[in-house]
Amino acid sequence: MDRSPAPSTFSGRLEAVWVSVGQTLKIGGAVGSPLYVLASILLALVALLFVSALVSLITTGINQRILELRMGHSAVLEARHTVVLGWSDPVFSVIAELVTANTNQRRSTVTVLAAKDKAEMEEEIGARLRATGTTNIVCRNGCTTDPAVLARVSPQTAKAILVLPPDGDDCDAHVVKTLLALNALTPETGDAIVVAAVHDAHNHLTATLAAGPRGRVLAIDDIIARLVVQTARQPGLSLVYEELLDFAGDEFYTVVAPALVGRTFGEALLAFSHSSVVGLLRADGIALNPNPGTTITASDRIIVIAQDDDTAVVADATNCIDEEAIVTASPRPPTPQRLLMLGWNRRGPLILDQLALYLAAPTRLDVVALGDEPALDGIHDMADAPQHLDVTFHSADTTDPRVLGRLDVLSYDSVIVIGDTGHASPPPFVTTRAPEADDRTLVTLLHLRAIEEATHQEIPLTTEMSDDRNRLLAPVRAGADFIVSGRLISLLMTQISESPYLADLFDELFRAEGNELYLKPAGDYVRAGEGVTFATVVASALRRHECALGYRLRAQAATGPTYGVRINPDKRQPVRFTRDDWVIVLAES
């Protein structure tokens, strides 16, 4: 291999080094006069400066983009997705229900926007939800009351938007501002259904106005108070609602049945062997449990309870009816009752108002809660004991076993335990949250459980809690009634986001007027001790203008996971009822 001879002089060596370095570093390396070499060096330095600046700009841009992605500030490029605005405990139940609802879809997306670090949100969701199936969870960081920030989650292309109340004293005000921010994006917000929730019923109208015509606003305290009262009157009702609201079980659907057009609603009750008919969705709204003689038109959709919408197929079960097994029971007159409520919070006055709406016979209610006498007098004035309801307030600590011992808890027809904060509803837009309320409830339940074990008797107990995780810690017998506000509102919001007509349906179910769910003695419908098909039960309920949709067996009331509750049973399968079993019906009374 030929090599050029090495320079013999110092200047020659210096020139060779310059040429080699210049060619290696691509900065020139030209030789010539000193001025020519100096110009070459300056041009090389200028080129190096431009290259460095370009590399710096590219690197900075990439780093900025990565930082935006990590911080959750980038825009979401999705369509027909579900947007969740806000961060609080119910967010995990909402996402879990949406994941379950989307299991039959090939791909779906849930986007969460909250003023919380994106990495923290993803970590907490991953810890609480082990698997998300075909649903992609996307988290974004930002203030939900800023329209410019809301645009990051593309609400204009979403199919549903859920606004959760955050933790804090001004949670309702924050929900209203978020709804106003959504309206500020008009007309970009599209046709998505907006479902929001506020705690204080006084703020419901304000939030409804802010939500606009596309919005549905739930008043958490009002709904919880109604369900607490309904469950206290109908033990086991909370388990029925849990089954109906959970996407993992049977829920409400609407179906079109051309074969039933021109026939009556009463005939439709027995036209589905694997689904329970409960009403009609008409052009003018929901008709739950209409008159059996109502004619089904071509524009009507039939409201059914089914495992899925594709399982609601017409399959007549009329030939499964055993006419001889049907009984006709006489109406039971209302009887006086004694009720006990342990604890007091902002929902207390609402519970009293709901009790007054349901009572048809004189009833005594003893309320035991924290608070001094002046505070309790103020509560008494706010409750203003209505007709048929004799209310007596006692200032005491429900976590003290001596207090419970003096009450003779077992002598009451029903016991209600609510989170005790010792005060009523705060001013508008301020919702005082008491994290220790659930803790006090757990201690109270522990003492009530000790009374049950010592006396070997069951206390007819209904418990209200805020955090679903505390329900797992509750020292109560299996199958006891729990109204967990966070989980219940999550289930309602996700159901309505998937089927907007359900807002009107649930509104009627939770009201004292109109149709409600009841657990009535099975012996009032069919002969006890004999094997009868559920079609026979449906036919018996039809004669009372009721829709039978399930039953609860006393022998399985303490066995999970359903605790004896069976919603939407096969009408052709026989079941043997005892006098202690119940039939679940939709009825006006």
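**Aromatic pairs and helix packing in a predicted model**

Modeller: Tyr241, Phe252, Phe506 and Phe510 form one aromatic cluster, in what is a predicted model. A search of the whole structure finds seven aromatic pairs.

Colleague: Why is the pair of phenylalanine 252 and phenylalanine 506 called edge-to-face?

Modeller: The planes of phenylalanine 252 and phenylalanine 506 stand at 75°, and an angle over 60 degrees counts as edge-to-face.

Colleague: How do you know whether phenylalanine 252 and phenylalanine 506 count as buried or exposed?

Modeller: Buried means under 20% relative accessible area. Phenylalanine 252 has a relative accessibility of 5% and therefore counts as buried, and phenylalanine 506, at 3%, is likewise buried.

Colleague: What makes tryptophan 344 and phenylalanine 393 an aromatic pair, and of which kind?

Modeller: Their centres are 5.3 Å apart and their planes stand at 80°, which is to be set against a limit of 6.5 Å for pairing and an angle over 60 degrees for edge-to-face, so this pair too is edge-to-face. Tryptophan 344 lies in the loop between strand E11 (337-342) and helix H11 (348-358), and phenylalanine 393 in strand E13 (residues 389-395), so the parts tied together are 49 residues apart in sequence. Tryptophan 344, at 0% relative accessibility, counts as buried, and phenylalanine 393, with a relative accessible area of 15%, is buried as well.

Colleague: Turning to the helices, why are H16 and H17 called oblique to each other?

Modeller: The axes of H16 and H17 cross at roughly 140° and come within 8 Å. Roughly antiparallel would need an angle over 145 degrees, and roughly perpendicular one of 65 to 115, so H16 and H17 are oblique to each other. The contact involves Leu492, Gln495 and Ile496 of H16, together with Leu502, Ala503, Phe506 and Phe510 of H17. These residues divide into six nonpolar, one polar and no charged.

Colleague: What makes H3 oblique to H16?

Modeller: Helix H3 (residues 90-101) and helix H16 (residues 485-498) pack at an angle of about 40°, with their axes 8 Å apart. Roughly parallel would require an angle under 35 degrees, and H3 is therefore oblique to H16. The crossing in which H3 passes H16 is right-handed. On the H3 side the contact is made by Pro90, Ser93, Val94, Glu97, Leu98 and Ala101, and on the H16 side by residues including Arg487, Leu491 and Glu498. The residues of this contact divide into five nonpolar, five polar and three charged.

Colleague: Why is arginine 282 called partly exposed?

Modeller: Arginine 282, found in strand E8 (residues 276-282), has a relative accessible area of 25%. Buried would need a value under 20%, and exposed one over 50%, so arginine 282 is partly exposed. Leaving aside neighbours within four places in sequence, arginine 282 is in contact with Ala287, Thr294, Thr295, Thr297 and Asp300.

Technical notes:
Residues numbered from 1 in each chain as written. Predicted model: local features only at pLDDT ≥ 70, side-chain atom pairs only at ≥ 80, totals over all residues. Heavy atoms only, no water. Axes fitted to C-alpha atoms, helices over the stretch in contact; angles between N-to-C directions. Helix = DSSP H or I, 4+ residues; strand = E, 2+ residues; numbered from the N terminus. Left-handed = near helix turned anticlockwise from the far one by under 90°. Contact = heavy atoms within 4.5 Å. Nonpolar A, V, L, I, M, F, W, Y, C, P; charged D, E, K, R; others polar. Phe/Tyr/Trp six-rings, centres within 6.5 Å; stacked < 30°, edge-to-face > 60°. Buried < 20%, exposed > 50% of the residue type's maximum accessible area, 1.4 Å probe, protein only.
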